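Hi,

Here is the structure I promised to pass on to you. Have a look at it first, and then read my notes below.

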Amino acid sequence: MKTRRSTWLMVLLVCGTQAIASEKNQSMAGVENPARARVNYMLNCQGCHGPTGAGLADGTVPDMSGYLARYLHVEGGREFLVQVPGSANAGISAEALAEVLNWMLSTMDAEHLPSDFAPYRAEEVEALRLHPLQDVVTTRAALLTRLADLDLEKR
């Protein structure tokens with residue numbers, strides 16, 4: 001068991017080191033420490049969303065890669081990213097979650113970040129976490145309907 005755990009930790013370290021090296025020169029608003037944000041993503045999000053944010057093929061865990069920042073273009077989308085159960089219930093501080101969300105937006109979907117994007121702050125995340133979503137499926141469907149009405153490719 002100990003060898004298995006050591007092997008898993010080594011895989012996380014190697015994968016994380018490679019990802020961090022590629023992120024070194026990227027500008028990431030609201031991300032003080034990209035390495036820490038990446039590790040927090042790996043420990044709290046990657047188990048379901050995968051290393052690239054691709055989610056699950058069956059659609060039960062949505063693909064965030066190339067899509068996540070689109071939520072910031074519709075009313076309620078910014079709040080949604082904090083209030084989904086995975087974010088709202090993550091065992092990390094509001095400051096760490098803000099940094100992870102900013103890192104995810106910058107690395108998984110920088111192309112669709114609004115030009116006036118304001119990074120998440122710990123105070124905002126803390127306040128939004130007090131009101132987790134009760135009906136994720138319905139809320140997500142409503143946001144996707146709003147997104148379908150936008151033509152973000154021309155923005």
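This is a predicted model: local features need pLDDT of at least 70, side-chain atom pairs count only at pLDDT 80 or more; totals for chains, interfaces and linings use all residues.

Let's start with the largest pocket. It holds about 660 Å³ of space, and 28 residues line it. If you want to find its centre on your screen, look for His49, Val61, Pro62, Met64 and Val84, which lie nearest to it. Several helices give two or more residues to this lining: H3 (46-49), H4 (77-83), H5 (85-88), H6 (94-108) and H8 (136-148). Of these, H8 gives the most, with 4 residues. What kinds of residues make up the lining of the largest pocket? There are 19 nonpolar, 7 polar and 2 charged ones.

Next comes the second largest pocket, with a volume of about 180 Å³. Its lining has 13 residues, and those nearest the centre are Gly30, Glu32, Arg36, Glu95 and Glu99. Here H6 gives the most, with 5 residues. The lining of this second largest pocket divides into 5 nonpolar, 3 polar and 5 charged residues.

Finally, take a look at helix H2, which covers residues 34-44. Which residue caps the N-terminal end of H2? Asn33 does: one of its side-chain oxygens lies 3.1 Å from the backbone nitrogen of Ala35. Further along H2, the buried residues are Ala37, Arg38, Asn40, Tyr41 and Met42. As you look at them, remember that an α-helix has 3.6 residues a turn, so residues three or four places apart point the same way.

Enjoy exploring!

Best wishes

Key: Residues are numbered from 1 along each chain as its sequence is written. Side-chain values use heavy atoms; hydrogens and water are left out. On a 1 Å grid over the protein atoms alone, a cavity is a set of points where a 1.4 Å probe fits but cannot get out, and a pocket is an open set with protein on both sides within 12 Å along at least five of seven lines; lining residues have an atom within 4 Å of a point. Grid points are joined across faces, edges and corners, and a volume is the space filled by probe spheres set on the points. Ala, Val, Leu, Ile, Met, Phe, Trp, Tyr, Cys and Pro count as nonpolar, Asp, Glu, Lys and Arg as charged, and the others, Gly among them, as polar. Buried means under 20% relative accessible area, exposed over 50%, partly exposed in between (1.4 Å probe, protein chains only). A polar contact is a pair of N or O atoms within 3.5 Å; within protein, one must be able to donate a hydrogen and the other to accept it, and residues adjacent in sequence count only if both atoms are side-chain atoms.
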